[in-house]
Amino acid sequence: MSCTRPLAYNADTTSSPIVVTLTDIFDLKELQQIQDSFAVATGVASIITQPDGVPITTPSNFTRLCNDIIRKTGKGCANCYKSDALLGRYNPEGPVLQPCLSGGLWDAGASITVGGHHVGNWLIGQVRNETQDEASMLSYADDIGADRKDFLAALAEVPSMSVDQFRNVANALFLLANQLSDKAYQNLQLKQTIKQREQAELELKASEQRFSELIRYSSDSITILDKNGIQIFVSDAVEKMLGYKPSELLGIPVIEEMLHPDDQEMVSHAFATIINDGMGGAQYRHKHKNGSWVYLEAWGTNQLENPDIRGVVVNVRDITERKQAETSLRESREKYRIMFENLPLGLAFTDTTGRYLEVNRAIEEIFGSSRRNLLGVPPLERGFTVLHQDGTPFQQHELITLRAAREQQLIQGDHLIRRTNGTYCYVSSIAAPLPLPGYGAMLAVMDITERKRAEDALRESESRLQNLFEKMPNGYYRSTPAGRFVDANPAFVKMLGYDSKEELLQVDIPRTVYVEPEERGVYLRANKNSEFLGFEHVEYYRLRGKDGRIIQVEDQARYVKNAQGEVAFHEGICRDIT
């Protein structure tokens, strides 16, 4: 018996048919009842097995010969299974009739096939007819090890049935099994269809729920417009974004009534693009319920021909913070540009090969070269030359921008520059590595030519003063209130008879230089309230030389005070008037 319609397919694939078993089609209890009723009505034994002959149901109306004798022996049972499998082989044209391979009684079988798959065998038989040979059957009893006497007695109990009658019974079984399987399989397919439909409905409901939740909790607003730009649907997110309840925006021509006047033409053009090309977008300002303007970014698709939507679906996002950040960034860049260009300090950025990527005006002025001749030019071809103190040019690897990029540390120094026009200037430079893609170092340059000139002039003046200090005929000294010399010229050292200034600086003034220590104290007390004593103030007192000789001196002296108004030093110019 067979069910020839194709099997249904699994819901999760279109390539794997559903594998069914006989118990998927029939309830086992009901199957047993049908089998038992058929066996009783026809007087034949009956059993239903798997395709390999293993029983599924309990035997119905089995003879004692088969059930209690032959199948109780190992060899006999194995032969029964083998015979059952052969009887149930696939035969869609009708039942298979043949003598049993285990005993020789007449049997018949109908293969049960569903959707081209062999799922079971319905077997009947265990009847005698005029073709059985008692002697050969007793010989089989000996072969399987059965008792000959019991075997012969049980054989006498086997019912007899003509071949024609048995064939009629087998044909009836084939038709009945086909009809039952066909109806059962229809029910199975119906159940599967219902189950698949229920599953599809559950998945659709879940999908709709997810979509609804996504729209509800999305930070973006979903809007649907008709072909005239009238809002026919607005999601809940619009209230947080713009302050309006969705119902307040329905039926409104959004472009004309809600957008900034300066943006309306641009958005109208974008909406026309969506209608004509299928999709498009724009950034614009939308009026908030509180009267402020909110920057929005919208992207729409034309779904006017979609019967489930019939509108233009627009996804709207608040980009106010992004716009504010972009504005701040532009302002910041403009401030940087103005500062970079107008700083009196020369600034430049280089790549890893030392070529200038950016320079400001101060760099052009310091180096005496235009930006066109500086940017992107190899370091030694920029027109100006960096010189060592001895006047020799820097080699490329010595340039501080390349050193900073190579050594990854700050490099600084003062250099002499020979400009393109042949003039010279002194610069103080510092280079720092710049950890940005494509960059090598940052260079800061200050023109210190005037400072160098001032320093040279100062050094020359100090040299002249030092020369005067060293060669003046009168003695100069500077001492502390505690009584120690901190400076003296050669004339003063010679006046007191010391071998060197260093020796003089070690002496205790009150005890060693003054004839009497208290004489210095009297001198200090006399002048302690003076705010300032200029060199025009003259004092006369005695001093003792290293060799003990006493001299009379004329001292033009003054006090030098610190920021707190306290006397820090006493200095004077002495002349020996002995």
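Modeller: L496 is found in the loop between helix 17 (490-495) and helix 18 (501-504); helices (H or I, at least four residues) and strands (E, at least two) are DSSP runs, numbered from the N terminus. This is a predicted model, in which local features need pLDDT of at least 70 and side-chain atom pairs count only at pLDDT 80 or more, while totals for chains, interfaces and linings use all residues. Residues are numbered from 1 along each chain as its sequence is written, and side-chain values use heavy atoms, with hydrogens and water left out.

Biologist: Why is L496 called buried?

Modeller: Buried means under 20% relative accessible area, exposed over 50%, and partly exposed in between (1.4 Å probe, protein chains only). The relative accessibility of L496 is 1%, so L496 counts as buried.

Biologist: Which residues does L496 touch, not counting those up to four places away in sequence?

Modeller: L496 touches L504, V513, L543, R544, G545, K546 and I551, where contact means heavy atoms within 4.5 Å. The C-alpha atoms of L496 and G545 are separated by 4.3 Å, although these residues are 49 apart along the chain.

Biologist: What makes H288 count as buried or exposed?

Modeller: Its relative accessibility is 16%, so H288 counts as buried. H288 is found in the loop between strand 8 (279-287) and strand 9 (293-303). Leaving aside neighbours within four places in sequence, its contacts are M241, L242, G243, Y244 and V294.

Biologist: How many aromatic pairs does the structure hold?

Modeller: The structure holds 10 aromatic pairs. Rings of Phe, Tyr and Trp (its six-membered ring) pair if their centres lie within 6.5 Å; planes under 30 degrees apart count as stacked, over 60 as edge-to-face and the rest as tilted. F340 and F349 lie 5.8 Å centre to centre with 20 degrees between the planes, and their pair is stacked. Ring pairs link Y336, F340, F349 and Y439 into a cluster.

Biologist: How do you know that the charged end of R478 sits over the ring of F569?

Modeller: A charge sits over a ring if NZ of Lys or CZ of Arg is within 6 Å of the ring centre and within 35 degrees of the ring normal. The charged end of R478 sits over the ring of F569, 4.6 Å from its centre.
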